[in-house]
Amino acid sequence: MTNAQPQDAFRHLDHNGDGAIDRHDFESVADAVIREFGLQPDSGKASALTRSYGEAWQLLSDELDTDRDGRINSEEFNRAISQLAEDPRFRSHLTRTSAAEFDAADSGGNGSLDRDDFTRLIRALSRQGGNVNDAFDRLDRDHDGVVSRDEYVEAAAGYLSGAGSIGARVFAGI
Ligand SMILES: [Ca+2]
Ligand SMILES: [Ca+2]
Ligand SMILES: [Ca+2]
């Protein structure tokens with residue numbers, strides 16, 4: 001399967017916008033989410049988030065940083081991301097990371113995010129100011145005004161795996 005929007009994915013992962021993906025991008029995303037939801041840095045939710053981002057960076061850099069300079073530039077990313085996105089080990093990493101993001105934003109702990117929680121989460125995850133409302137509406141398929149954990153995790157974890165994925169459709173334009 002081909003990835004229709006590697007540029008979008010690269011843009012999202014390059015959180016500080018310096019033109020490459022490195023460890024600092026993952027640390028700054030974790031910090032942004034932890035700050036946005038007022039989590040204690042040593043809490044279970046914050047630790048799960050920091051740990052899963054750290055593991056995701058490790059795996060990404062092992063597979064994509066071909067010249068081993070500690071940064072994944074867009075050429076390195078585009079060359080191999082579609083193949084990596086189909087790797088079951090990578091997908092299970094993404095699932096854990098997405099679940100940790102969701103749990104950080106689920107302040108009530110009831111397994112659902114309302115529009116406000118979701119908007120705050122996406123704003124923390126992405127420095128882009130895209131259309132979060134549309135993304136929420138596409139995710140909330142039963143129109144009950146909340147996004148469930150399964151809906152979020154399936155879409156977010158599938159985001160990198162190609163044009164036809166729910167994630168690609170949901171997060172397009174953010
Ligand atoms: Ca960066
Ligand atoms: Ca590199
Ligand atoms: Ca719903």
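Tutor: Start with helix α2, residues 23–36, and helix α6, residues 115–125. In this predicted model, α2 passes α6 in a right-handed crossing. The two axes come within 8 Å and cross at roughly 150°. An angle over 145 degrees counts as roughly antiparallel, and α2 and α6 are therefore roughly antiparallel to each other. Now look at who meets whom. From α2 come Val29, Ala32, Val33 and Glu36. From α6 come Arg120, Leu121, Ala124 and Leu125. By class, this contact of α2 with α6 has 6 nonpolar residues, no polar ones and 2 charged ones.

Hold on to Val33. Set aside its neighbours within four places in sequence, and Val33 is in contact with Leu49, Glu101, Ala104, Leu121, Ala124 and Leu125. Val33 also belongs to the largest nonpolar core, a set of 40 residues. Within that core, Ala30, Val33, Leu49, Leu113, Leu121 and Tyr152 touch the most other members. The helix that gives the most to this core is α5, with 6 residues.

The axes of α2 and α3 come within 9 Å and cross at roughly 160°. That angle makes α2 and α3 roughly antiparallel, because it lies over 145 degrees. Their crossing is right-handed. On the α2 side, the contact is made by Arg23, Phe26, Val29, Ala30, Val33 and Ile34. On the α3 side, find Ala46, Leu49, Thr50, Tyr53, Gly54, Ala56 and Trp57. The contact of α2 with α3 divides into 10 nonpolar, 2 polar and 1 charged.

Now follow α3 to α5. Helix α3 covers residues 44–64, and helix α5 covers residues 88–105. Their axes come within 9 Å and cross at roughly 150°. That makes α3 roughly antiparallel to α5. The handedness here is left-handed. From α3, the contact uses Lys45, Ala48, Leu49, Ser52, Tyr53, Glu55, Ala56 and Leu59. From α5, it uses Phe90, His93, Arg96, Thr97, Ala100, Glu101, Asp103 and Ala104. Count this contact of α3 with α5 by class and you get 8 nonpolar, 3 polar and 5 charged residues.

Pick out one residue of that contact. Phe90 lies in helix α5. Is Phe90 buried or exposed? Phe90 has 20 other C-beta atoms within 10 Å, so Phe90 is buried. The cut-off for burial is 20 or more. Leave out residues up to four places away in sequence, and Phe90 touches Leu59, Leu84 and Ala85. Also check Phe90 against Ala56: their C-alpha atoms are separated by 8.0 Å, yet the two residues are 34 apart along the chain.

Last, step back to the whole protein. There are 9 helices and 4 strands. Along the sequence they follow the pattern α-β-α-α-β-α-α-β-α-α-β-α-α. The protein has 174 residues, and 36% of them count as buried. Take the contacts between residues at least 6 apart in sequence: 62% of these join residues at least 24 apart.

Note on methods. Residues are numbered from 1 along each chain as its sequence is written. Chains are lettered from A and ligands numbered from 1 in the order in which they are written. This is a predicted model: local features need pLDDT of at least 70, side-chain atom pairs count only at pLDDT 80 or more; totals for chains, interfaces and linings use all residues. Axes are lines fitted to C-alpha atoms, for helices over the stretch in contact, and angles run from 0 to 180 degrees between N-to-C directions. Helices (H or I, at least four residues) and strands (E, at least two) are DSSP runs, numbered from the N terminus. Angles under 35 degrees count as roughly parallel, over 145 as roughly antiparallel, 65 to 115 as roughly perpendicular and the rest as oblique. A crossing is left-handed if the near helix is turned anticlockwise from the far one by less than a right angle, and right-handed if clockwise. Two residues are in contact if their C-beta atoms, placed from the backbone, lie within 7 Å. Ala, Val, Leu, Ile, Met, Phe, Trp, Tyr, Cys and Pro count as nonpolar, Asp, Glu, Lys and Arg as charged, and the others, Gly among them, as polar. A residue is buried if 20 or more other C-beta atoms lie within 10 Å of its own, exposed if 12 or fewer, and partly exposed in between; C-beta atoms are placed from the backbone. A nonpolar core is a set of buried Ala, Val, Leu, Ile, Met, Phe, Trp, Tyr and Cys residues joined through C-beta atoms within 7 Å.
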